Amino acid sequence: MSKYFYKEPNSLYIHIPFCARKCRYCDFNSIVSESKTIDRYLHAIEKELSVLKGRYVFNTVYIGGGTPSILSEVQLEKLLQSVIRYIPSSEIQEYTVEANPGTLTVNKIGLLKEYMVNRISLGVQSFQDRQLQFLGRIHSSNDVRNAFALLRKAGFRNINIDLIFGCSEQSLDDWEKDLKTVVELSPEHISTYALTYEEGTLLTRDLEEAVIHKLDEGVELEMYKTAIRYLTRNGYNHYEISNFAKDGNECVHNHVYWKNMGYVGVGAGAFSFIDGVRTSNEKDVFKYIDGINENKNVKSFREKLELNQFASETVVMALRLRQGISNADFYERFGYKIEDQFGEQMNRLAKYGLVSYENEILKLTEKGLFVADTVMTEFV
């Protein structure tokens, strides 16, 4: 096995599973909870972080959720102190915290800046209050503008904005207005996601009961194409299926996932990928807290990837990137060529114009981009 398979993880993810309320489309590991539980959870996070001290050097840190910005100022500072206490801050190049525009304050933003956070990911989803209400978001369009202005005033120069398209009764005109507004704000990074109806969510229940209806697939596809055209025309590089960035502002942390490299996850339900082994922590917040406090193993899942499975996942993830994957990089990691394992799939997909393999680089064509999920199943 080549050195890249066993390359030590240099990215850290910390999960904060708390929200003011559950969004109607959300199936992430998050709960609504009282302050006492949050305090106990942060103590468990610190204890898990302490075990990592001196073991790895992290170049990226990403605190996600849930809603990390729901923490009180005292709680937020405790979390940020824990990170700096156990993770060498001098090595961190990109330090991201997710935030809801409705829960950011001047003091919280000041704390983020003080503790060397240098990238904020704002869960905006829409600039239209009607769409925000449909999605079950707690903020308003005015909250977005105010939060963004406060972040800029505090000196944040690397901000991502998440947007969702494909909502029931959302028109193409609605989506174009959201795109126009986000470009006017001019964040460094924009993520655009098609709404998905996940099992067990409130939106899926409404869909099953015919309270709402899915948007026509043709309209949804046109929304995606519109986003690509409009954002690239306005200076954003479409570098990944759902992500756009100004030059030099691609998300370094997420590249670790897309390139299938190693990472460490801390918190309830967080995944780690170390030395070819994927694990995840106990998902239940209370079981996670108790397990950490009782010095138990909180891993609830473990799998050792075989070489061919790892290679398959690497190709699938790399196809999310517009640059694709080069045969040279693949060979260096796995010791054989891409076509040695996937030649049949590559030929079939190329015949239909869904992938290209020019200059020994495998990537999606524009046609393949619009049916990416279907293409990727061919490599599983």
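Biologist: Which residues does Thr192 touch, not counting residues up to four places away in sequence?

Modeller: Thr192 touches Leu163, Phe165, Trp175, Leu231, Ser242 and Phe244, with residues up to four places away in sequence not counted; contact means heavy atoms within 4.5 Å. Please note that this is a predicted model, in which local features need pLDDT of at least 70 and side-chain atom pairs count only at pLDDT 80 or more, while totals for chains, interfaces and linings use all residues. Residues are numbered from 1 along each chain as its sequence is written, and side-chain values use heavy atoms, with hydrogens and water left out.

Biologist: Where does Thr192 lie, and is Thr192 buried or exposed?

Modeller: Thr192 lies in strand 6, residues 189-194. Helices (H or I, at least four residues) and strands (E, at least two) are DSSP runs, numbered from the N terminus. Thr192 counts as buried because its relative accessibility is 2%; buried means under 20% relative accessible area, exposed over 50%, and partly exposed in between, with a 1.4 Å probe and protein chains only.

Biologist: What about Met317: which residues is Met317 in contact with, leaving aside neighbours within four places in sequence?

Modeller: Those residues are Tyr257 and Trp258. Met317 belongs to helix 11, residues 307-318, and is partly exposed, since its relative accessible area is 24%. Between Met317 and Tyr257 there are 7.5 Å in space, C-alpha to C-alpha, although they are 60 residues apart in sequence.

Biologist: Turning to the helices, at what angle do the axes of helix 1 and helix 2 cross?

Modeller: The axes of helix 1 (residues 35-52) and helix 2 (residues 73-86) cross at roughly 5° and come within 9 Å. Axes are lines fitted to C-alpha atoms, for helices over the stretch in contact, and angles run from 0 to 180 degrees between N-to-C directions. Helix 1 is therefore roughly parallel to helix 2; angles under 35 degrees count as roughly parallel, over 145 as roughly antiparallel, 65 to 115 as roughly perpendicular and the rest as oblique.

Biologist: Which residues meet there?

Modeller: Among them are Ile38, Leu42 and Leu49 in helix 1, and Leu79, Val83 and Tyr86 in helix 2. The residues of this contact divide into 7 nonpolar, 5 polar and 4 charged. Ala, Val, Leu, Ile, Met, Phe, Trp, Tyr, Cys and Pro count as nonpolar, Asp, Glu, Lys and Arg as charged, and the others, Gly among them, as polar.

Biologist: How do helix 2 and helix 3 pack?

Modeller: Their axes are 10 Å apart, at an angle of about 10°, and helix 3 covers residues 106-114. The two helices are therefore roughly parallel to each other. Glu73, Leu76, Glu77 and Leu80 in helix 2 meet Asn107, Lys108, Leu111 and Leu112 in helix 3. By class, that contact has 4 nonpolar, 1 polar and 3 charged residues.
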